[in-house]
Amino acid sequence: GNTLNRQCAGAPPEQSQSIAPWWRRSENMRMETTHMASPQALRVEAPAPSRPALDTFPQLLLNHAAVRGERPAMREKDLGIWQTWSWAEVASEVRAMACGLAARGFKRGDRLAIVGDNRPRLYASMLAAQALGAVPIPLYQDAASAEFVFPIVNADVGFAIVEDQEQVDKMLEVMDQVGTLEHVMDIILRQ
């Protein structure tokens, strides 16, 4: 099936194994209860749940991709024409972004600045960060470059995904002021 647990080509082995450690709770989860009225404690083991808890957005995405893969997940107006993204397409985009980030050394606990319009690829980048156990930091695309400095420094951001050349230029303007930002990637669609 569609999972993000597969190894990403180009990612270091130690990172490719941990691309989606949050996907599933342990299959060996046990519940313990104690009967207070009894002099001896009773231990009751409940079987592992038949399906994993869906308590993160990436888990929900994978579930929707498996259950309703070809159904519409998002719509975006491009040049006046509505384009539809299926659940399977969104999951594939998230997987590709997560693998690309992991190949560049992005890992659990890192922070990813995300700058651009409200578009499916920017939402996919947020899910990709979450899929790797990292934290997405969305920044307002109309902000002046100087306004990016505080959130980038305060959140210790090392990676940024931006939508277009304007946002690339803003990030390049502030890179000298923010010692933590090392990677700026664009998701410009070139046709």
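1. Basis of the values. In this predicted model, local features need pLDDT of at least 70 and side-chain atom pairs count only at pLDDT 80 or more, while totals for chains, interfaces and linings use all residues. Residues are numbered from 1 along each chain as its sequence is written, and side-chain values use heavy atoms, with hydrogens and water left out.

2. Overall fold. The protein chain holds six helices and six strands, taken as DSSP runs numbered from the N terminus (helices: H or I, at least four residues; strands: E, at least two). Their order from the N terminus is α-α-β-β-α-β-α-β-α-β-α-β. Of the 191 residues, 38% are buried, that is, under 20% relative accessible area with a 1.4 Å probe and protein chains only; over 50% is exposed, and partly exposed lies in between. Among contacts (heavy atoms within 4.5 Å) with a separation of 6 or more, 60% join residues 24 or more positions apart.

3. Packing of H3 on H4. Helix H3 (residues 87-103) packs with helix H4 (residues 120-131) at an angle of about 60°, and their axes are 8 Å apart. The axes are lines fitted to C-alpha atoms over the stretch in contact, with angles from 0 to 180 degrees between N-to-C directions. H3 is therefore oblique to H4; angles under 35 degrees count as roughly parallel, over 145 as roughly antiparallel, 65 to 115 as roughly perpendicular and the rest as oblique.

4. Residues at this contact. From H3, Glu93, Val94, Met97, Ala98 and Leu101 meet Arg121, Ala124, Ser125, Leu127 and Ala128 of H4. By class, the contact comprises seven nonpolar, one polar and two charged residues (Ala, Val, Leu, Ile, Met, Phe, Trp, Tyr, Cys and Pro are nonpolar; Asp, Glu, Lys and Arg are charged; the others, Gly among them, are polar).

5. Aromatic pair. The count comes to one aromatic pair, with ring centres required to lie within 6.5 Å; planes under 30 degrees apart count as stacked, over 60 as edge-to-face and the rest as tilted. Phe106 and Phe159 are edge-to-face, at 4.9 Å centre to centre and 80° between the planes. Phe106 lies in the loop between H3 and strand E3 (111-115) and Phe159 in strand E5 (residues 159-162), so the pair ties together parts 53 residues apart in sequence. Phe106 counts as buried at 1% relative accessibility, as does Phe159 at 7%.

6. Ser145. This residue lies in the loop between strand E4 (135-139) and helix H5 (146-154). Ser145 counts as buried at 11% relative accessibility. Leaving aside residues up to four places away in sequence, Ser145 touches Lys170, Glu173 and Val174.

Terms used. Rings of Phe, Tyr and Trp (its six-membered ring) pair if their centres lie within 6.5 Å; planes under 30 degrees apart count as stacked, over 60 as edge-to-face and the rest as tilted.
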